[in-house]
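Welcome! Take a moment to look at the sequence and the 3D view, and then let us walk through a few features together.

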Amino acid sequence: MNLRTLLLATTAALTLAAVSGCDDGGTTSTGGTGGTGGTGAAGGSGGSGGVGATGGTGGTGGGMAMMPTLGAQIDRMGRPAINTAANQTFNSNPEQADQGKDGWNANADPSTWGTYIEEIQTNLAILDGIDAACGNQLLADPAKNDPSRYATLATVLSDDRLYVNLEGPACTTYLGVEANAVGVMNNDCGGRTLAYDVIDVSYTLLATGALDGSVGDTIGISDAAKGEVFPFLADPY
């Protein structure tokens, strides 16, 4: 074969390969492997010519913080002073009282909280007399003269958790949601802000049935607790 014939044959072969590349994608390469650590990097591009292969799968993320393993519950994010005021309050055996209060805080099963109702209503009967007038506590049943008179309020308090009305236009009333549920109508968000004097409200509720905080502990709320910039509290002394 002379040189001219060899050049023609080579040119024809290259032309055929180019035409074939437009039809069947030529040689298709495999996409690269995704990266590792952090968010996995995207896989590499497929080979040139035709439709390339799909890129490799991104690598598994690394360096992400793991949730710690939680231990036993030691407290509830419940209503302030309810466990203190209405559970084992007048038990003369301090060890039993402490065990009862610790058990309340550690109880993470709402379906069992009703077991505290009998204990609560007994203590409510005593607290009702703080203002020297029995029967004026919120939800007290005037037709009864035994601890079951206070069963309705005891049932409410045994469900010891904070409730918030997300549609409330203002947050000025502690126990606002609970009050609404028992007929003291309001549209407050309830919950618990740092500006609420929760102890005064709680003891007034238990003594007189009102929500005005008139039965108090004479300890006011610090202006530092009314701030609007995190962390809202004054610097420690």
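A residue counts as buried when its relative accessible area is under 20%, as exposed when that area is over 50%, and as partly exposed in between. Keep in mind as you read that this is a predicted model.

Let us begin with backbone angles. Most residues other than glycine have a negative phi. Gln88 has a positive phi of about 55°, although it is not a glycine. You will find Gln88 in the loop between H2 and H3. Its relative accessibility is 18%, and because that is under 20%, Gln88 counts as buried. Ala132, also not a glycine, has a positive phi of about 65°. This alanine sits in the loop between helix H4 (117-127) and helix H5 (151-158). Ala132 is exposed, with a relative accessible area of 76%.

Next come the charged pairs. Side chains of opposite charge can pair when their charged atoms come close. The structure holds 2 salt bridges, listed here:

| Salt bridge | Closest N and O atoms |
|---|---|
| Glu178 and Arg79 | 3.0 Å apart |
| Arg161 and Asp159 | 2.6 Å apart |

The largest pocket has a volume of about 160 Å³. Its lining has 15 residues, and those closest to the centre are Asp75, Arg76, Gly78, Arg79 and Pro80. Helix H2 (82-86) and helix H3 (94-106) are the elements that give two or more residues to this lining. H2 provides the largest share, 3 residues. By type, the lining residues of the largest pocket divide into 6 nonpolar, 4 polar and 5 charged. Arg79 links two parts of this story: this arginine is among the residues closest to the pocket centre, and Arg79 also forms a salt bridge with Glu178.

Finally, turn to the surface. Which residues form a nonpolar patch there? They are Leu194, Phe230, Phe232 and Leu233, with about 430 Å² of accessible area together. Leu194 lies in the loop between helix H6 (176-181) and helix H7 (198-208), and at 44% relative accessibility Leu194 counts as partly exposed.

Terms used: Residues numbered from 1 in each chain as written. Predicted model: local features only at pLDDT ≥ 70, side-chain atom pairs only at ≥ 80, totals over all residues. Heavy atoms only, no water. Patch = residues over 30% accessible without salt bridge, like charges linked within 9 Å, V, L, I, M, F, W, Y side chains within 5 Å. Areas by Shrake-Rupley, 256 points an atom, 1.4 Å probe, with all protein chains shown as cover. Salt bridge = Lys/Arg side-chain N within 4 Å of Asp/Glu carboxyl O. Helix = DSSP H or I, 4+ residues; strand = E, 2+ residues; numbered from the N terminus. Buried < 20%, exposed > 50% of the residue type's maximum accessible area, 1.4 Å probe, protein only. 1 Å grid on protein atoms, 1.4 Å probe; cavity = no way out; pocket = protein on both sides within 12 Å on 5 of 7 lines; lining within 4 Å. Points joined across faces, edges and corners; volume = space filled by probe spheres on them. Nonpolar A, V, L, I, M, F, W, Y, C, P; charged D, E, K, R; others polar.
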